[in-house]
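User: I am new to this structure and would like to know what the terms used for it rest on. Please take me through them step by step.

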Amino acid sequence: MSEAFDPFNVSDADDLFTATVAPTSAPVSPVKTRVPSFNIKPQYVAQDRAPPIVVLPKMDVKLKLHEEVTSKAVSGMGEDGTVELFVEGKVMAQAESSISKIPPFSLQITSPPSSECDIVYQNFCKVQTERKIQVSKQRSIKCKVDIPQPKAECEVLRYSMTVETKNMPLLVQSKASLKGNVCRVGIQIRSNLSNQGDINGLSISVPIPNTMQESTVKITRGADTGSWDECKRLVTWKIGTLPHGQSVLVSVEAEISHTMAQLVADDDISSTKFNEKIQCPVLIRCSSLSDTLTDFALSASPWMEDPSTLSLQQGQSYRLLHRVPTRK
């Protein structure tokens, strides 16, 4: 075999063991591993936080409703009698607040079912809504009230009306009787049990007609509280306070005039005409600090656009002049 044939070039043992693999021409770059992206955003856990505390201003509102009333009995007497009232009322308001400026408040008014109720509002009392309640046919009125100065008592509105009622604070019975030539007039007054409080400043006046002799006038009941004014021909009892549910009885008597006595003796006058001539109307004056005589009602609440914590105090009062004809 020819020694020249050596295709693998391994004839020399040293060359066999010293042979190396020729390096590749291109260097091997390091392998980079790609991590897949999942688009994960950081999450924040919301902590429980108390809502901010809003402190509303405190507001104290005082409403006073006062009525000046004149009345007269138009039919019947006592509990079944009907009385016509002529009322002039007004509403006063006073407000205080925990802040310098007094917030406005809403005033709700409910007037009785009377078409003759007229209301006059002051400048700082603005009417917002007015409607009629179909069930009772009453007027419901909502006003916005802005009190100009703190602690100042301001007149909010005035109203007037004419109504008829059977629920009077006083139940009055009067009667004139003739015994011989002496005419006696008796009056009994009782405080109504439906009153909220006592009757104050009660006085009873009875004018003595010319058909009775002024020189013979005598107070037979209530002499300690009664007086006779001969110039005015007027007997007046100043009772003062009449407690709730209590009654008082007063009476006066006098001889009839000589002309009237002659007519009675001659029987030339009927009993009806005689009673008309000796009729003595009764005038009653009184007042109250805890009642009114109509159904005119008030309520107050915070104004929605200027909220506040509102506390309300209400006062009611009236002064009454009542006329009752003497019962025949």
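Analyst: Two strands count as paired if DSSP finds at least two bridges between them. With that in hand, take strands E11 and E14: three bridges join them, and they run antiparallel. In this predicted model, Ile 219 stands opposite Val 252 in E14.

User: How do you know that E11 and E14 are a pair?

Analyst: The cut-off is at least two bridges, and E11 and E14 have three, so they pair by that definition.

User: What makes E8 and E9 a pair?

Analyst: E8 and strand E9 (residues 182–191) share 10 bridges in the antiparallel sense, where at least two are needed. In this pair, Leu 178 stands opposite Cys 183 in E9.

User: What about E9 and E14?

Analyst: Nine bridges link E9 to strand E14 (residues 247–255), again antiparallel. Gln 188 stands opposite Leu 249 in E14.

User: Why is the sheet called open, and which strands stand at the edges?

Analyst: The order of the four strands is E8-E9-E14-E11, with antiparallel pairing. Strand E8 (170–179) and strand E11 (218–221) are at the edges; each has a single partner strand, so one side of each lacks a neighbour in the sheet. From one strand to the next, the twist averages 20°.

User: What holds strands of a sheet together in general?

Analyst: They pair through backbone hydrogen bonds, either parallel or antiparallel.

User: Is Cys 125 buried or exposed, and what about Cys 286?

Analyst: Buried means under 20% relative accessible area. Cys 125 has 4%, so it counts as buried. Cys 286 has 2% and is therefore buried too.

User: What lines the largest pocket, and how much space lies in it?

Analyst: The largest pocket holds about 350 Å³ of space. Its lining has 17 residues, and Asn 167, Thr 292, Leu 293, Thr 294 and Asp 295 lie nearest its centre. Strand E7 (residues 154–165) gives the most to that lining, with three residues.

User: What makes up the lining of the largest pocket by class?

Analyst: Eight residues of the lining are polar, six nonpolar and three charged. Gly counts among the polar residues in this scheme.

Notes. Residues numbered from 1 in each chain as written. Predicted model: local features only at pLDDT ≥ 70, side-chain atom pairs only at ≥ 80, totals over all residues. Heavy atoms only, no water. 1 Å grid on protein atoms, 1.4 Å probe; cavity = no way out; pocket = protein on both sides within 12 Å on 5 of 7 lines; lining within 4 Å. Points joined across faces, edges and corners; volume = space filled by probe spheres on them. Helix = DSSP H or I, 4+ residues; strand = E, 2+ residues; numbered from the N terminus. Axes fitted to C-alpha atoms, helices over the stretch in contact; angles between N-to-C directions. Buried < 20%, exposed > 50% of the residue type's maximum accessible area, 1.4 Å probe, protein only.
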